[in-house]
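Here is a short report on one protein chain and its ligand. Look over the fold first, then read the notes on sheets, helices and ligand shell.

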Amino acid sequence: MDTILRCEHAAFHYPDTDGAVLHDLSLSIERGSFTAVLGHNGSGKSTLAKLFNAILLPDSGKVYVDGMDTSDEAHLFDIRRRIGMVFQNPDNQIVSSVVEEDVAFAAENLGVPPDEIRRRVDDALATVGMTEFVRHAPHLLSGGQKQRIAIAGVIAMEPDCIVLDEPTAMLDPAGRRDVMQTLHRLRNELGITVVLITHHMDEALQADRVVVISDGRIVLDGAPGDVFTHCDTLASYSLSAPETVLLLSALQDAGLDVPLTAMTPEACADAIAAALSE
Ligand SMILES: Nc1ncnc2c1ncn2[C@@H]1O[C@H](COP(=O)(O)OP(=O)(O)OP(=O)(O)O)[C@@H](O)[C@H]1O
Ligand SMILES: [Mg+2]
């Protein structure tokens, strides 16, 4: 596998606190993949995200970005350029009063020349579907639009990978849908690796791989069609399966012959219709 991010036996605790937040955590993320990370509040997801671009360093074990050890300061600039981060609150990520300046900010800090910045900003705004807002004021946009501007700013850095920590948590359904569509476009059209931390099972369902963290350890790891059929195991980590799986499971209990693996809303509807017509 061509690995972009790798944790090897990483452990982490915050200064002046008891107990580790991450325990002996090992995880490899394949280049070009779309991975969802799930876990109950306080399980260590945001901490893990911060290890991925050297905002935090492991107490023991190693984290590698494209083979570069994050604890080696000589690689810091390169690591930050390759791993873009997007956080939950879009308002905290706005740095300018005009969209195009906001999108250009991080790339300018990397020393990208002005004519190249112009191209990157235009391309990034097109990718997130926000071209018409180029001269708007970011703080007047909707939450979903602000989050897409934040993503455009990361794309303008031309990263290999984008790590998003609950980017849709503060958005309405339309904003969530637009952000998810944008993430698929990044992965499918630009080949950017996506790591999405989320509390929304329907978003995790759209990933290639789902990693479940509990108490700083990986407890489930697999394709959504595999991980989400373990309803009882998920419940033991205070997580629920997607609504489609819960419905299919209840129908199975009631005697209907439907597969739990029909997880998308469309597949679920088809499976129920097929079972009812038998
Ligand atoms: N700066 C900090 N100092 C001390 N403890 C912290 C700090 N940040 C987080 N923690 C603790 O570390 C643990 C893991 O926190 P983290 O934010 O990584 O979890 P999370 O899975 O992202 O949670 P959430 O779903 O609420 O975002 C929690 O017990 C939290 O209280
Ligand atoms: Mg968090």
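The report goes from the overall fold to single residues.

## Model and conventions

This is a predicted model, in which local features need pLDDT of at least 70, side-chain atom pairs count only at pLDDT 80 or more, and totals for chains, interfaces and linings use all residues. Residues are numbered from 1 along each chain as its sequence is written, while chains are lettered from A and ligands numbered from 1 in the order in which they are written.

## Overall fold

The protein chain holds 11 helices and 10 strands. Both are DSSP runs numbered from the N terminus: helices are H or I with at least four residues, strands are E with at least two. The radius of gyration is 20 Å, close to the 19 Å from the globule rule for 278 residues, so the chain is as compact as a globular protein of that length. That radius is taken over C-alpha atoms, and the rule is 2.2 Å times the number of residues to the power 0.38. Along its principal axes the C-alpha trace spans about 65 × 45 × 35 Å.

Of the 278 residues, 42% count as buried. Buried means 20 or more other C-beta atoms within 10 Å of the residue's own; exposed means 12 or fewer; partly exposed lies in between, with C-beta atoms placed from the backbone. Among contacts between residues at least 6 apart in sequence, 63% join residues at least 24 apart. A contact requires C-beta atoms, placed from the backbone, within 7 Å.

## The four-stranded sheet

One open sheet has the order S2-S1-S4-S5, with antiparallel pairing. Strands S2 (22-30) and S5 (68-69) stand at the edges with a single partner strand each, so one side of each lacks a neighbour in the sheet. Pairing here requires at least two DSSP bridges between two strands.

Arg 6 stands opposite Tyr 64 in S4.

## The six-stranded sheet

The other open sheet to note runs S6-S7-S8-S3-S9-S10, and its pairing is mixed. S6 and S10 (217-222) are the edge strands, each with a single partner strand, so one side of each is left without a neighbour in the sheet. Neighbouring strands are turned by 20° against each other on average, direction ignored.

S6 (residues 83-86) pairs with S7 (residues 161-165) in the parallel sense, over four bridges. Gly 84 stands opposite Ile 162, and Met 85 has Val 163 as its bridge partner. In a regular strand the side chains alternate between the two faces of the sheet. Both faces of S6 are covered: Ile 83 and Met 85 are buried on one side, Gly 84 and Val 86 on the other.

## Helix packing

H6 (residues 173-190) lies across S3, S7 and S8, at about 155° to S8. Axes are lines fitted to C-alpha atoms, for helices over the stretch in contact, with angles from 0 to 180 degrees between N-to-C directions.

H3 (residues 99-109) has the buried residues Val 99, Glu 100, Asp 102, Val 103, Ala 104, Ala 106 and Ala 107. Their cover includes H4 (114-127) and H5 (143-155). Gly 111 follows H3, with a positive phi near 85°.

## Ligand 1

Which residues are around ligand 1? They are Tyr 14, Thr 17, Val 21, Gly 39, Asn 41, Gly 42, Ser 43, Gly 44, Lys 45, Ser 46 and Thr 47. The cut-off is a C-beta atom, placed from the backbone, within 6 Å of the molecule. H1 (residues 45-52) gives the most to this shell, with three residues.

By class, the shell has two nonpolar, eight polar and one charged residues. Ala, Val, Leu, Ile, Met, Phe, Trp, Tyr, Cys and Pro count as nonpolar; Asp, Glu, Lys and Arg as charged; the others, Gly among them, as polar.

Glu 166 has a positive phi, near 50°. Glu 166 is found in the loop between S7 and H6. This residue is buried, with 21 other C-beta atoms within 10 Å.

Ser 238 also has a positive phi, near 60°. Ser 238 lies in the loop between H9 (231-236) and H10 (243-253). Here the residue counts as exposed, with 11 C-beta neighbours inside 10 Å.

Conventions: Contact = placed C-beta atoms within 7 Å.
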